[in-house]
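Reader: Hi! Could you walk me through this structure?
Author: Happy to, let's have a look together.

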Amino acid sequence: MEKLIKRALDIAHLFDVPRGEMTCEPYGTGNINDTFCLTVRPWTGAARRYILQRVNRYVFPDPQSMMGNIQRVTHYLRGVIAREGGDPARETLTLVRAMDGRPWITDASGDLWRVYLFIEGTVSTDRPETPERFAAAGEAFGRFQRQLGGFDASTLYPTLPNFHNTPARLQQLTNAIGADAAGRRAEVGAEIGFCMARAAQTDALLRELEAGCVPLRVTHNDTKMDNVLLDEKTGRGVCVIDLDTTMPGFVLSDFGDFIRTAANTGAEDDPDLDKVDVDMDIFRAFAKGYVESTASFLTPVERENLPYGAQLLTYMQTVRFLADYLDGDNYYKIKHPEHNWQRSKAQFKLLQSIEAQEKAMNDYIAGL
Ligand code: ADP
Ligand code: GN1
Ligand code: MG
């Protein structure tokens with residue numbers, strides 16, 4: 001890590017930030033990119049902070065096209081936010097340019113680095129203490145989609161093709177089972193069985209939804225609690241961050257992935273499956289915030305299927321973790337050899353719990 005911090009500091013000097021003493025420390029808890037908080041203490045004036053990130057090139061093989069999406073989306077959002085009387089520097093991400101004028105640096109080894117203004121006076125946490133904060137996140141993700149309502153989703157580069165495409169994820173699992181690259185197929189027979197048992201039904205439901213014209217919109221595709229910055233004083237949702245996976249998609253996916261990640265009484269990788277359950281208070285708080293801020297554009301089919309989104313995304317994550325375990329852990333960073341297997345089991349337990357609450361979730365949304 002020391003070596004990486006040193007490299008990050010060298011890179012930081014290539015960006016258009018004030019001259020002065022620079023320090024850099026690892027920041028956040030993401031599974032994909034390397035994130036640092038860069039502090040610059042100019043010779044005169046107050047210290048300034050930035051977020052410096054090295055993009056994961058295994059996950060994002062074409063990071064420059066991804067950066068193109070982020071530039072276009074944040075540019076568009078800045079216009080909408082200004083028209084609505086908001087503060088564009090605070091309510092969307094701002095890329096800092098490098099000395100050569102581009103908003104990123106590609107280093108000698110081919111890694112892409114970028115710098116964002118640090119949005120001060122905000123907090124991001126994956127475990128807020130009050131339901132109001134989940135409602136604020138729901139409002140913020142809904143607002144993000146509303147503000148991007150006039151942006152033609154089909155013009156965005158498909159950064160990660162088939163990212164939230166469940167049949168394609170099932171195909172990856174089928175391929176991983178066939179290849180058995182890490183020699184783990186025999187031990188995960190039960191989990192393979194759970195995933196395959198739901199495959200045909202999922203396929204049928206998705207076809208139905210597509211036939212019912214669920215529209216393609218600009219979606220975030222990584223809607224976690226810690227991807228929203230909340231005002232540290234008021235708790236209001238200030239800014240949706242982590243725009244790497246912003247692509248055309250279905251709103252069910254953004255709603256569903258939030259419930260999967262935030263409304264779990266246990267951890268995503270909980271070794272104790274008894275701790276994993278869907279937290280209906282969090283579901284209700286988020287759903288209320290989200291449905292209120294999307295009321296002006298959500299179609300009835302989208303609205304009715306929001307709870308199904310929670311099932312779909314939890315199922316997809318069960319499949320993704322299992323496929324990565326079978327492949328030999330190429331994709332997700334792991335903390336121990338069975339980590340992806342454990343993650344997959346915990347996600348499957350969550351899926352069962354969400355399925356058990358299907359009626360309660362549908363009733364709640366219908367009553368909003
Ligand atoms: P990852 O893809 O690794 O999740 P993120 O872009 O979400 O990376 O950044 C990790 C963390 O850094 C976030 O959860 C948030 O706490 C913080 N962060 C990111 N961007 C900003 C920003 N512009 N201002 C303040 N904090 C930020
Ligand atoms: C990854 O880095 P993070 O935690 O924001 C992944 C998500 C998964 C998640 C599972 C680009 O997101 O899709 O749901 O891990 N992001 C990518 O923890 O694959
Ligand atoms: Mg993040």
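Author: The model is predicted, so local features need pLDDT of at least 70 and side-chain atom pairs count only at pLDDT 80 or more, while totals for chains, interfaces and linings use all residues. Residues are numbered from 1 along each chain as its sequence is written, chains are lettered from A and ligands numbered from 1 in the order in which they are written, and side-chain values use heavy atoms, leaving out hydrogens and water.

Reader: Which backbone atoms lie by a nitrogen atom of ligand 1?
Author: A backbone N or O atom of L117 is 3.0 Å from a nitrogen atom of ligand 1, and a polar backbone atom of I119 is 2.8 Å from a nitrogen atom of the ligand. On its own, ligand 1 has 550 Å² of accessible area, and the protein covers 92% of it (Shrake-Rupley method, 1.4 Å probe; for residues, only the protein chains shown count as cover).

Reader: OK, on to ligand 2. Which residues come nearest?
Author: Of the 17 residues around ligand 2, the nearest are D222, K224, E268, Q317 and Y331; a residue is near if one of its heavy atoms lies within 4 Å.

Reader: What are the distances to the oxygen atoms of ligand 2?
Author: For a polar side-chain atom of Y331 the distance is 2.5 Å, for an N or O atom in the side chain of D222 it is 2.7 Å, and for one in the side chain of Q317 it is 2.8 Å. Taken alone, ligand 2 exposes 440 Å², of which the protein buries 95%.

Reader: Which helix gives the most to that shell?
Author: Helix α11, residues 306–327, with 3 residues. Helices (H or I, at least four residues) and strands (E, at least two) are DSSP runs, numbered from the N terminus.

Reader: New topic! What is the strand order in the open sheet?
Author: The 3 strands run β6-β8-β9, with antiparallel pairing; two strands pair if DSSP finds at least two bridges between them.

Reader: Why is one side of β6 and of β9 left without a neighbour?
Author: β6 (122–123) and β9 (237–240) stand at the edges, each with a single partner strand, so one side of each has no neighbour in the sheet.

Reader: And how many bridges join β6 and β8?
Author: β6 pairs with β8 (residues 228–231) over 2 bridges, in the antiparallel sense. T122 has D231 in β8 as its bridge partner.

Notes: Polar contact = N/O pair within 3.5 Å; in protein donor to acceptor, adjacent residues only side chain to side chain.
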